[in-house]
Amino acid sequence: MLRTEAGAGTAGFKRASRIASLEISEIVQLAERAAVLRAEGRDVISFATGEPDFPTPLHVVEAAHAAALAGKTRYPATLGTAELRAAIAAINDVTAKEVIVSTGAKQVLANAMLATLEPGDEVIMPAPYWTSYSDIVSMAEGSPVVVACPMAEGFKLSPAALEANITPRTRWLMLNSPSNPSGAIYSPEEIRALADVLARHPHIWILADEIYEHLNFVPFHSFKACAPELAERTLIVNGVSKAYSMTGWRIGWGVGPAELIKAMGTVQGQITSGACSIAQAATLAALTGGQALLDERRSAMRARRDKVVRALNAIPGIDCPVPDGAFYAFPNVEGVLKAGGFASDADFCGWLLDKAGIAIVPGRAFGLPGHARLSFAYSDPELDAGLARMSAAVTARINS
Ligand code: PMP
């Protein structure tokens with residue numbers, strides 16, 4: 001792993017301490033290694049990136065074209081265009097003052113942390129968590145408090161584990177349902193149980209990242225709908241990247257109390273001036289146009305999920321639970337590590353890429369070692385070929 005060091009570099013260059021401990025994302029490292037192998041002529045199949053393979057819907061692309069031709073090419077309002085904020089407000093049953101549109105959900109998270117954390121403030125994140133959570137918190141000079149949520153507990157935070165990790169410095173709980181990387185979806189009862197703990201600790205705010213909302217294979221319930229009494233300290237994060245295949249358009253949004261949204265706008269105003277006006281017009285078309293594609297894509301993902309879970313569980317040493325949402329499998333690979341003589345999940349994933357040309361991401365990148373993440377947002381031929389190769393390589397290694 002590449003750890004960057006303060007003070008290292010040329011001509012006296014020194015990184016700021018707030019980013020000195022950040023590491024280059026393991027996912028990016030794997031993608032770069034895969035690109036090098038491909039350039040060497042190797043046949044590499046990558047299941048590393050969390051990006052749907054479907055195209056952005058045509059009517060969305062056309063709306064962007066029309067917006068550009070109509071001259072919607074000037075600086076947007078900092079918190080988002082009036083039209084898009086109104087549409088998001090209507091969907092969430094709030095006023096537009098409670099909505100901020102940002103350059104991806106990632107920037108919503110960054111805005112929220114930069115706008116609220118004092119150095120050393122703690123942010124509870126159940127592991128496995130999306131890799132950027134801890135880095136964004138660290139960059140905002142907060143302290144990530146990682147709470148391991150093992151497979152036996154469905155990768156979900158229990159009320160007892162939440163309670164045990166609360167301190168007077170706790171500022172936020174980050175909850176991601178459906179989860180990247182585990183696919184876990186919290187039931188209304190599970191959300192209620194967490195809400196009851198949070199009700200006793202009024203200094204804690206809740207960031208509910210619901211960007212995989214529409215990629216659900218069991219019913220999805222929003223945190224806010226289940227815990228309306230916590231609305232005045234809840235920030236819902238969402239966006240079009242995953243559901244509408246719009247990762248490159250970079251539009252996400254936050255829905256929360258007006259005062260928080262205003263503070264986040266203060267940050268955003270100095271960093272980007274606001275999200276791309278043309279991408280916001282495209283997002284408006286995505287949210288207000290026909291929604292049939294969501295069902296179609298969900299069904300396609302479900303079929304892939306079933307295929308991938310079946311194939312993974314047929315590989316010796318791999319134990320893969322069925323994810324309830326998102327588009328990732330997060331199997332336990334400890335059996336492979338043991339039988340194959342691997343030192344760690346990262347060692348295994350590095351070997352798999354070099355030996356079999358298959359890129360998957362080690363669980364330690366998500367705060368839960370002993371696992372690996374495989375994205376199934378890939379075509380059937382890629383999934384079939386990749387899983388067959390993975391199975392053959394692992395089986396040969398274990399039997400050697
Ligand atoms: N939250 C989660 C859980 C994610 O997986 C991602 C993307 N990988 C994001 C937020 C950020 O999405 P974007 O910035 O593309 O809107």
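The model is predicted: local features need pLDDT of at least 70, side-chain atom pairs count only at pLDDT 80 or more, and totals for chains, interfaces and linings use all residues. Residues are numbered from 1 along each chain as its sequence is written.

Helices (H or I, at least four residues) and strands (E, at least two) are DSSP runs, numbered from the N terminus. Two strands pair if DSSP finds at least two bridges between them.

Strand 3 (residues 122–127) runs parallel to strand 4, and six bridges join them. Proline 126 has valine 147 in strand 4 as its bridge partner.

Now move to strand 7 (residues 234–239). Six of its six residues are buried, so this strand is mostly covered. A residue is buried if 20 or more other C-beta atoms lie within 10 Å of its own, exposed if 12 or fewer, and partly exposed in between; C-beta atoms are placed from the backbone. In a regular strand, side chains alternate between the two faces of the sheet. Here, Thr234, Ile236 and Asn238 point one way, while Leu235, Val237 and Gly239 point the other way. All of these residues are buried.

Strand 7 has partners in strands 6 and 8. With strand 6 (residues 205–209) the pairing is parallel, over four bridges. There, aspartate 209 has valine 237 of strand 7 as its bridge partner. With strand 8 (residues 252–255) the pairing is antiparallel, again over four bridges.

Two bridges join strand 9 (residues 328–329) to strand 12. In this pair, alanine 329 has leucine 374 of strand 12 as its bridge partner. Two bridges also join strand 11 (residues 361–362) to strand 12. Proline 362 stands opposite alanine 372 there. Strand 12 (residues 372–375) is covered on both faces. Ala372 and Leu374 are buried on one side, and Arg373 and Ser375 are buried on the other.

What of the nonpolar core? In soluble globular proteins, nonpolar side chains tend to be buried together. A nonpolar core is a set of buried Ala, Val, Leu, Ile, Met, Phe, Trp, Tyr and Cys residues joined through C-beta atoms within 7 Å. The largest one here has 118 residues, and Met174 and Ile360 touch the most other members. Helix 5 (residues 105–116) gives the largest share of this core, seven residues. The core lies between domain 1 (17–54 + 293–399) and domain 2 (60–288), because both give residues to it. The domain bounds come from an automatic or database domain assignment.

The ligand comes next. It is surrounded by 13 residues, and the closest are Gly104, Ala105, Lys106, Asn180 and Ser241. A residue is near a molecule or strand if its C-beta atom, placed from the backbone, lies within 6 Å of it. The shell divides into three nonpolar, eight polar and two charged residues. Ala, Val, Leu, Ile, Met, Phe, Trp, Tyr, Cys and Pro count as nonpolar, Asp, Glu, Lys and Arg as charged, and the others, Gly among them, as polar.

Glutamate 118 sits in the loop between helix 5 and strand 3. It is exposed, because 10 other C-beta atoms lie within 10 Å. Glutamate 118 and lysine 338 are 220 residues apart in sequence and 43 Å apart in space, C-alpha to C-alpha.

Phenylalanine 220 is in the loop between strand 6 and helix 9 (223–226). It counts as partly exposed, with 19 C-beta neighbours inside 10 Å. Serine 177 is 43 residues from phenylalanine 220 in sequence and 8.2 Å away in space, C-alpha to C-alpha.

Methionine 139 belongs to helix 6 (residues 132–139). It has 18 C-beta neighbours inside 10 Å, so it counts as partly exposed.
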